[in-house]
Amino acid sequence: MKKPMRAALAAGAILALAACGSGSPSGDSGGADGSADGTLTKVTVGVIPIVDTAPIWLGDQEGFFADEGLDLDIQTASGGAAIIPGVQSGSYDFAFSNLVSLMVANDKGLDMKVVANGNSTTGTDHDFSAVVVSKDSKIKSPKDLAGQKVSVNNLSNIGDTTIKSVVEKDGGDPDSINFVEVGFPDAPAALDNGVVDAAWILDPFLTQAVDDGARVISNNFTDFDPQLDISAYFTSQSAIDKNPELAAKFQRAMDKSLEFSEQNPDKVRDIVGTYTKIDAETRKELILPKFRVEMNRDAAQKLGDSAVKYGTLSKAPNLDELLP
């Protein structure tokens, strides 16, 4: 990709957040007791329109949810700040969010429960998540991020938690990092303009930044733990208690979707083009996450413990309550 494509790529991603998906919560059209046509159960799912959520879109297209008797109403939101309250209020039957956001929600007294895995780090140095610096930066390794201004999309979440851990592991002072909030689409420009010294970026913006000369300092997810699960599909425990059969159907369909996506990367790239504005050329270059069914409990515990250590959580998460 060339540098002039950056503005179009960022604009396309922003449009994707606003332009994809609409509809009514399940309760407005038959709800969890049945859809309007009387054959499939309508299920409303809140997701972020990013590469990470490709399996649910692909699974819907392949008929895995219909096979379980579910009629998906996939609705998009800009992030977990809107999604988690939507599940709590019943606007969504299920939703997608990163694990730290779910840990924070339960730390605040909610009862979120993971139903299925979302996506995981590749476990390699060719990952979809990285901290990058400009090509002439004096920052050479994670420990050099100490005392620097580093962008993350949200403070006190999975980005700064993993970065702090990686910096400390490399011998740097994690408490001296000055984290600032910058959205992923804007992070490459913030780095180019010297607004930040380093930027945490996910694909497709990571590939763009590296193509433009940025250097990877850390693949923070992989460096934190090569088995780290990043996100999950979830609902509330009270919703599961009310309708355990619905949760089981969704889980089975989602598991099939994850397995199919992992085995069919080309179809993943194609489906991403149906719910985002990412063009075909860019989709070919995307570094895809790993999609797997089983969640790594040890890595999740490590993530929760780090979130406590760095002040994001008040106490260690109860993984028996959070994970399947």
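User: Let's start with a helix. Which residues in α14 are buried?

Analyst: Some ground rules before that: this is a predicted model, where local features need pLDDT of at least 70 and side-chain atom pairs count only at pLDDT 80 or more, while totals for chains, interfaces and linings use all residues. Residues are numbered from 1 along each chain as its sequence is written, and side-chain values use heavy atoms, with hydrogens and water left out. Buried means under 20% relative accessible area, exposed over 50%, and partly exposed in between (1.4 Å probe, protein chains only). By that rule, Ala299, Ala300, Leu303, Gly304, Ser306 and Ala307 are the buried residues of α14.

User: Where do the buried residues fall when you look down the axis of α14?

Analyst: The general idea is that an α-helix has 3.6 residues a turn, so residues three or four places apart point the same way. In α14 the buried residues lie within an arc of 160° and so line one face of the helix; the arc is taken from the directions running from the helix axis to the C-beta atoms. The face turned away from them carries the exposed residues Asp298 and Lys309. As for the cover over the buried residues, it includes α5 (99–107), α6 (158–169), α9 (220–224) and α15 (319–322), with contact meaning heavy atoms within 4.5 Å.

User: What should the 13 residues of α14 span?

Analyst: Helices are DSSP runs of H or I with at least four residues, strands are runs of E with at least two, and both are numbered from the N terminus. The expected span is 1.5 Å times one less than the number of residues. For α14 (residues 297–309) that gives 18 Å, and the end C-alpha atoms are 18 Å apart, which agrees.

User: Which residue caps the N-terminal end of α14?

Analyst: That's Asn296: one of its side-chain oxygens sits 3.2 Å from the backbone nitrogen of Asp298. After the helix comes Gly311, with a positive phi near 85°.

User: Now sheets. What is the strand order in the open sheet that contains β2 and β10?

Analyst: Two strands pair if DSSP finds at least two bridges between them. Here the order is β2-β1-β3-β10-β4, with mixed pairing. β2 (70–76) and β4 (112–120) are the edges; each has a single partner strand, so one side of each lacks a neighbour in the sheet. From one strand to the next, the twist averages 25°. For angles, axes are lines fitted to C-alpha atoms (for helices, over the stretch in contact), and values run from 0 to 180 degrees between N-to-C directions.

User: Which way do β3 and β10 run?

Analyst: Antiparallel: 4 bridges join β3 (residues 94–98) to β10 (residues 229–236). Phe96 stands opposite Tyr233 in β10. Helix α11 (residues 244–263) packs on this sheet, touching β1, β2, β3, β4 and β10, and its direction makes about 5° with that of β4.

User: How many residues of β2 are buried?

Analyst: 6 of the 7, so β2 is largely enclosed by the rest of the structure. β1 and β2 pair in the parallel sense over 7 bridges, and Val45 has Ile74 in β2 as its bridge partner.

User: What is the order in the open sheet with β7 and β9?

Analyst: β7-β6-β8-β5-β9, again 5 strands with mixed pairing. β7 (178–181) and β9 (215–218) are its edge strands, each pairing on one side only.

Terms used
A polar contact is a pair of N or O atoms within 3.5 Å; within protein, one must be able to donate a hydrogen and the other to accept it, and residues adjacent in sequence count only if both atoms are side-chain atoms.
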